[in-house]
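Please keep the sequence and the model open while reading.

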Amino acid sequence: MSAIPFRKMHGLGNDFVVIDARSRAFPLDEAMAHAIADRKTGIGCDQLIVIEQSQNGAADVFMRIHNADGGEVAACGNATRCIAALVMDESGGDRVVIETNAGLLEARPDRDGRSASTWARRFSAGATSPLAAEQDTLHVGLALGPLADPACCNVGNPHATFFVADAMSVDLTSLGPQLEHHSMFPERANIEVAQLLGPGRIRLRVWERGVGITRACGTGACATLVAAARRGLTARRAEIVLDGGTLDIAWRDDGHVEMTGPVATSFTGSFDPASLG
């Protein structure tokens with residue numbers, strides 16, 4: 001196989017290797033995805049994103065997502081905004097629909113030139129999440145060390161948000177992997193620790209399944225805002241302050257969640273798949 005061009009992008013430091021396979025197929029398995037994502041012997045990223053032709057006539061492109069461990073997942077919020085910005089830049093348009101394994105997602109630029117995507121999920125008091133046993137998802141019976149009583153929901157991928165007094169004091173490096181693989185989560189889970197900073201402002205740190213601690217997580221920010229609003233801790237709109245910066249999240253009256261934040265291209269290049277491993 002000849003050299004494969006790629007683009008390195010990020011949303012608040014949540015970084016992606018983006019490969020465009022719309023006109024040239026890119027055979028990919030978990031081992032190859034993991035090799036590309038390796039930060040020492042590959043290119044390095046939190047997620048590998050492959051843009052493909054959409055099979056849905058209502059969408060502009062299909063976005064395939066692999067976490068750094070190689071596993072394929074259905075959703076990635078910051079990557080959605082990155083791919084939306086890329087496609088809109090190509091087309092010159094102000095709206096894009098991206099097909100994912102989590103459904104169709106709509107995105108557009110906001111007034112400040114940032115990328116805003118609408119997470120096409122409707123949440124209610126009974127918001128579901130894949131759990132090993134039937135639970136009240138607003139107060140799940142799970143505790144580990146200083147963390148307890150998470151709110152869980154599925155934003156195209158599963159999340160468990162723990163509300164804490166001080167997000168920075170939590171040993172997420174130790175607790176994150178244990179909770180990700182807890183028997184309560186048959187599909188594993190993204191783990192969030194969230195601290196209320198004031199009305200409409202939340203400090204958030206994320207252990208992302210298959211990746212580890214990330215500087216930002218778009219779906220985690222969405223899940224946290226929904227959890228906080230369901231518990232009456234915030235209104236339906238808030239600034240979510242992550243390690244890499246701030247996302248604006250709104251749980252709209254129609255039930256969809258809208259996420260707004262910056263995207264960037266770090267560099268472009270090419271690689272020989274045979275050289276990885």
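How much space lies in the largest pocket? About 170 Å³ lies there. A pocket is found on a 1 Å grid over the protein atoms alone, as an open set of points where a 1.4 Å probe fits, with protein on both sides within 12 Å along at least five of seven lines; lining residues have an atom within 4 Å of a point. Grid points are joined across faces, edges and corners, and the volume is the space filled by probe spheres set on the points.

The model is predicted: local features need pLDDT of at least 70 and side-chain atom pairs count only at pLDDT 80 or more, while totals for chains, interfaces and linings use all residues. Residues are numbered from 1 along each chain as its sequence is written, and side-chain values use heavy atoms, with hydrogens and water left out.

**The pocket lining**

The lining of the largest pocket has 11 residues, and those nearest its centre are Arg 108, Asp 110, Arg 111, Arg 114 and Thr 260. Strands S7 (103–109) and S18 (257–261) each supply at least two residues of this lining.

**Overall fold**

The protein has four helices and 19 strands. Helices (H or I, at least four residues) and strands (E, at least two) are DSSP runs numbered from the N terminus. The C-alpha atoms fill a box of roughly 50 × 40 × 30 Å along the principal axes.

Of the 277 residues, 56% are buried. Buried means under 20% relative accessible area, exposed over 50%, and partly exposed in between (1.4 Å probe, protein chains only). Among contacts with a separation of 6 or more, 62% are between residues 24 or more positions apart; a contact means heavy atoms within 4.5 Å.

**Selected residues**

| Residue | Relative accessible area | Class |
|---|---|---|
| Leu 172 | 0% | buried |
| Thr 161 | 1% | buried |
| Cys 82 | 1% | buried |
| His 66 | 5% | buried |
| Leu 175 | 9% | buried |
| Arg 188 | 26% | partly exposed |
| Asp 149 | 32% | partly exposed |

Leu 172 belongs to helix H3 (residues 172–180). Leaving aside neighbours within four places in sequence, Leu 172 is in contact with Pro 177, Val 193, Arg 205, Val 206, Trp 207 and Ile 213. Its C-alpha atom is separated by 8.8 Å from that of Ile 191, 19 residues apart along the chain. Leu 175 is also placed in helix H3. With residues up to four places away not counted, Leu 175 touches Leu 144, Pro 146, Leu 147 and Val 170. From Leu 175 to Arg 231, 56 residues apart in sequence, the C-alpha to C-alpha distance is 23 Å.

Thr 161 sits in strand S12 (residues 158–163). Its side chain makes a polar contact of 3.4 Å with the side chain of Thr 224. A polar contact is a pair of N or O atoms within 3.5 Å; within protein, one must be able to donate a hydrogen and the other to accept it, and residues adjacent in sequence count only if both atoms are side-chain atoms. Beyond four places in sequence, the residues that Thr 161 touches include Pro 150, Ala 151 and Glu 192.

His 66 is part of strand S4 (residues 61–67). The His 66 side chain reaches the backbone oxygen of Gly 70 at 2.7 Å. Residues touched by His 66, not counting those up to four places away, include Leu 28, Asp 46 and Glu 72.

Cys 82 is in helix H2 (residues 77–91). Outside four places in sequence, Cys 82 is in contact with Met 9, His 10, Gly 11, Phe 16 and Val 263. Cys 82 and Phe 16 are 66 residues apart in sequence, with 8.8 Å from C-alpha to C-alpha.

**Positive phi in loops**

Asp 149 is not a glycine, yet has a positive phi of about 60°. Asp 149 lies in the loop between strands S10 (147–148) and S11 (151–154). Arg 188 has a positive phi near 60°, and is placed in the loop between H3 and strand S13 (190–198).
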